[in-house]
Amino acid sequence: MNCPGLPQYARSLQAFSDLVTGGDAAVAPYTGNFLGGQMGALQTNFQCVCEALGATTFAALARAYSVHYPSREWDLNLFGAGFPELLLAQHNNPRAAERDWRLLAAIARVEYSIASAYYADDPPGAASGAVDSGEHGIASLLAADAALPTPWNSAAMQRRNPFADIPGALLFNREIAIYRQEWRVRVCQPGSDPAHERCTAGAS
């Protein structure tokens with residue numbers, strides 16, 4: 001998003017982030033705060049996953065991800081791109097059968113794509129909030145997963161993202177397109193939204 005003075009602010013935050021993640025002794029007191037900030041960002045970006053897992057399990061996974069894959073970007077709103085893959089990897093956990101990790105990873109991909117679309121920078125020369133499907137391409141086109149044929153009720157995701165338009169049910173065995181149009185994020189897919197063909201065509 002276009003904001004006056006943002007490049008300088010972003011550079012300052014990026015420089016500080018580099019010092020913290022690089023283990024610079026001068027900023028050691030901030031390391032714990034930085035880790036907490038990353039975990040908080042994950043909880044914000046993956047609210048439906050957090051609710052499904054419960055606070056304790058989610059916090060353990062969020063901490064593991066934050067420690068092993070610390071943010072390298074100044075904007076924590078965009079933290080967590082690889083978190084869905086961490087969830088999917090829990091298939092190899094001895095207690096894997098206790099959760100549907102494949103479904104949780106699919107939900108997480110949508111949640112992260114919504115966040116990344118909302119906080120995406122405007123393309124150079126574009127009007128503020130103009131990340132739309134027609135001119136700039138979609139923010140994300142999530143592949144279909146044939147192993148998840150059951151529709152997922154997305155009412156909770158809609159409540160947690162009032163700036164987004166989300167179908168009442170998501171079909172993970174079909175493509176899901178996610179993009180920002182002005183200040184709203186659009187989620188669409190075949191069989192649930194006639195806009196899907198229009199927005200996916202904009203990506204080609």
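**View 1. Aromatic pairs in the predicted model.** The structure, a predicted model, holds 9 aromatic pairs. In one of them, the ring centres of Phe46 and Phe83 lie 4.9 Å apart and the ring planes meet at 40 degrees, so the pair is classed as tilted. Phe46 belongs to the loop between helix H2 (31-45) and helix H3 (47-53), whereas Phe83 belongs to helix H5 (residues 83-89); the pair therefore ties together parts that are 37 residues apart in sequence. Phe46 and Phe83 are both buried.

**View 2. The stacked pair of Phe46 and Tyr112.** Phe46 also forms an aromatic pair with Tyr112, and this pair is stacked, at 6.3 Å centre to centre with 15 degrees between the planes. Distant parts of the chain are linked here: Phe46 is in the loop between H2 and H3, and Tyr112 is in helix H6 (residues 101-118), 66 residues apart. Tyr112 is buried, as is Phe46. Ring pairs join Phe46 and Tyr112 with Phe58, Tyr65, Tyr69, Phe79 and Phe83 in a cluster.

**View 3. Helix H4 and its buried face.** Helix H4 spans residues 55-68, 14 residues in total, and its first and last C-alpha atoms are 20 Å apart, close to the 20 Å expected at 1.5 Å a residue. Phe58, Leu61, Ala62, Tyr65 and Ser66 are the buried residues of H4. Viewed down the helix axis, these buried residues fall within an arc of 135 degrees, so they line one face of H4. An α-helix has 3.6 residues a turn, so residues three or four places apart point the same way. Thr56, Ala60 and His68, on the other side of H4, are exposed. Two buried residues of H4, Phe58 and Tyr65, are also members of the aromatic cluster.

View 4. Ser113 is located in helix H6. Its relative accessible area is 5%, under the 20% limit, so Ser113 counts as buried. The side chains of Ser113 and Ser140 make a polar contact at 3.3 Å. Apart from neighbours within four places in sequence, Ser113 is in contact with Ser140, Leu142 and Ile178.

**View 5. Confidence along the chain.** The chain has a mean pLDDT of 80, with 68% of its residues reaching 70 or more. The pLDDT is below 50 over residues 1-6, a stretch that has 13 contacts in the model beyond near neighbours in sequence.

Key: Residues numbered from 1 in each chain as written. Heavy atoms only, no water. pLDDT = per-residue confidence, 0-100. Contact = heavy atoms within 4.5 Å. Helix = DSSP H or I, 4+ residues; strand = E, 2+ residues; numbered from the N terminus. Expected span 1.5 Å × (residues − 1). Buried < 20%, exposed > 50% of the residue type's maximum accessible area, 1.4 Å probe, protein only. Arc of directions from axis to C-beta. Phe/Tyr/Trp six-rings, centres within 6.5 Å; stacked < 30°, edge-to-face > 60°. Polar contact = N/O pair within 3.5 Å; in protein donor to acceptor, adjacent residues only side chain to side chain.
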